[in-house]
Amino acid sequence: MPYAGGPMTEAMYYVLVALLNPNHGYQLMSAVTEVSKGRVHMGPGTLYGVLGRMQKDELISLSDDDGRRKTYTITEAGKVALKREYERLKALIEDGVEIENVQE
Amino acid sequence: MCKNEKRNVVYRLRPDEYYRIGEHESWFMDLAERGLHLEKMGVRFARFQRGEPKKMQYRVDLFPGIEDPLGQQQKDFYKQYGWEYVTKYGKFCVYRSPNDANAPELHTDMEEQAYTIKELEKTLRNTTLFVLLMVALIVVMTFLNWFVSKTPILHLIEGGSIQQAFLILVEVYIAITSILSWFAIRRLRNDLKAGYPINHHAPWKKRKYFTFGIAVTFTVLAFMTCLIPIMQMTQTKEATLPLDIESKIPVVRLAEIEQDERLERLTEENFVKSAVDFNNNYESKWMLLAKSSFESRECGIINTEIWKDGSGVYSPSITCDMINLHFKILAVPLAKEWISYYGRPEELAYEGERFVNQEDERFDFLSVHESDASLQICAVKEKKVMFVRYYGYADTQNVINAIAKSFKNT
């Protein structure tokens, strides 16, 4: 089923964020680690799967393919979806701000 | 492949349940530690290359879909991160990496991994539904066949019912394995969606041998279902009855009961095919639950005599069915089935005529139906059952004596 809005997986979100700057598959893994400030270390299986799925859903596209190296870029639909997800996550944080005052 | 390499090839029985990813991975890793490195997965066996024992990581991944039909992109992609492609089986492919290479774990996001098996689950669901529909159709048809059959006991003795029962068992096994594989993949997907990773060290030993035992049992059953019709086809013999009535064919012979020297064999050209006179022939059939079985038909003529109703030259005939069973328990039920089959009311010459049971110490069961020139006798002695249909004027006692003699000589 193609992406129809709604919550994204963490992998989708970070790959879209990382692809705001076109990047090729191999470098994407370190790009994801970088944008997540070292929190997310994405496995090659996860990355391969999410790239294929998002390409099918037209959230990303291949901007360059020389056979060995594929460069991916986010599409307009991908940007819209990412923005929506960002707003949603932001709203989640705002709605849960009280948690800051909860003593563990 | 050079001789040395050939010697280092080792085959091992593979786990039967292809969809248990964690168990496969754990099995490959355990064998690698013993120096057996996976090369190829077959239907029942996996091929390994014997080498240095090594701690390896093995991962089973879904083979990519139509966007990467040869899986080459996946292979290249994983290779960059230290994962070597090993082999493919069904919808899965196997990758490995030495422990000391510290390759990054393939799947780090369980929810994303759940997406990779979504298509497989859909395929398995559709296959299972199709298999269930087919099995249900076959089972219904088989049961209908049993109900419609007018001779179910004979069908059982011939082996047909047992073959069908085996076939149903095999089909039910296929249906169950199909359902199990679908449910297992569905459960795996749900577990992944809920964030539970695949256990790469799942225990494999017990289940592997258990499922292998079951698979072998059903393979043998499937083989046996084929064996029954093969035996029926190859072990059936059809020939012209010898003129010598003392031949070893255990059926009642016309000359034996007519006891008239003028009796000649009636052979009609139209009934002679492939050197067999189908007016005077016998067939010896292989039956699963019988030691031997014979069906004979004989026609004679006495040119100097005519039928009492003046309808032509007197030409008596006899047909005889004889089965020597493996189990006595089936003898009387078979006799009664023959009586109700051959002696159906519409087949009897006159209304009110029925088979009458007679006491005779030479038989365990004896039932006779007599009318004008027609005689039907069904007799049982221990495991032997005979049904005789005779048209002619010979004395009933002659026929009964001939049956007793035939039983004694069998």
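Contact here means heavy atoms within 4.5 Å. Axes are lines fitted to C-alpha atoms, for helices over the stretch in contact, and angles run from 0 to 180 degrees between N-to-C directions. Helices (H or I, at least four residues) and strands (E, at least two) are DSSP runs, numbered from the N terminus.

The model is predicted, and local features need pLDDT of at least 70, side-chain atom pairs count only at pLDDT 80 or more, while totals for chains, interfaces and linings use all residues. Residues are numbered from 1 along each chain as its sequence is written, chains are lettered from A and ligands numbered from 1 in the order in which they are written, and side-chain values use heavy atoms, with hydrogens and water left out.

Two strands count as paired if DSSP finds at least two bridges between them. S2(B) and strand S3 (residues 45-50) of chain B run antiparallel and are joined by five bridges; to see one pair, select His37(B) and its bridge partner in S3(B), Gln49(B).

**Second stop: the sheet S4-S6-S5 of chain B**

Keep H2(B) displayed. Helix H2 (residues 21-33) of chain B also lies across S4, S5 and S6 of chain B, running at about 150 degrees to S4(B). Here three strands form an open sheet in the order S4-S6-S5 (chain B), again with antiparallel pairing. Its edges are strand S4 (56-62) and strand S5 (84-89) of chain B, each pairing on one side only. The twist averages 25 degrees from one strand to the next. Between S5(B) and strand S6 (residues 92-98) of chain B, which run antiparallel, there are five bridges. Thr87(B) has Val94(B) in S6(B) as its bridge partner.

Next, select Arg59(B) and Glu105(B), whose side chains meet in a salt bridge (2.7 Å, N to O). Arg59(B) lies in strand S4 of chain B and Glu105(B) in the loop between S6 and helix H4 (110-116) of chain B, so the pair ties together parts that are 46 residues apart in sequence. A salt bridge is a side-chain nitrogen of Lys or Arg within 4 Å of a carboxyl oxygen of Asp or Glu. By this rule, the count over all chains comes to 21 salt bridges.

**Third stop: the interface**

Display chain A, which has four helices and three strands and follows the pattern α-β-α-α-β-β-α along its sequence. Its C-alpha trace spans about 55 × 30 × 20 Å along the principal axes.

Now select the residues between the chains: 22 residues of chain A are in contact with 20 residues of chain B. The two chains bury about 1700 Å² between them, 59% of it on carbon and sulfur atoms. In chain A, Tyr26(A), Pro44(A) and Tyr48(A) lose the most area to chain B, together 36% of what that side buries. Buried area is the accessible area (1.4 Å probe) that two parts lose on being put together, summed over both. One salt bridge is counted between chain A and chain B; to view a salt bridge here, select Arg53(A) and Glu112(B), whose side chains meet at 2.4 Å, N to O.

- Strand S8 (residues 264-265) of chain B is joined to S12(B) by two bridges and runs antiparallel to it; Glu264(B) stands opposite Ile301(B).
- Strand S11 (residues 281-284) of chain B runs antiparallel to S12(B), with four bridges, and a hairpin joins the two through five residues. Glu283(B) has Glu295(B) as its bridge partner.
- Strand S14 (residues 317-325) of chain B pairs with S12(B) in the antiparallel sense over nine bridges; Glu298(B) stands opposite Ile318(B).
- Strand S13 (residues 313-314) of chain B pairs with S12(B) in the antiparallel sense over two bridges. In their hairpin, which has six residues between the strands, Gly310(B) takes a positive phi near 75 degrees.
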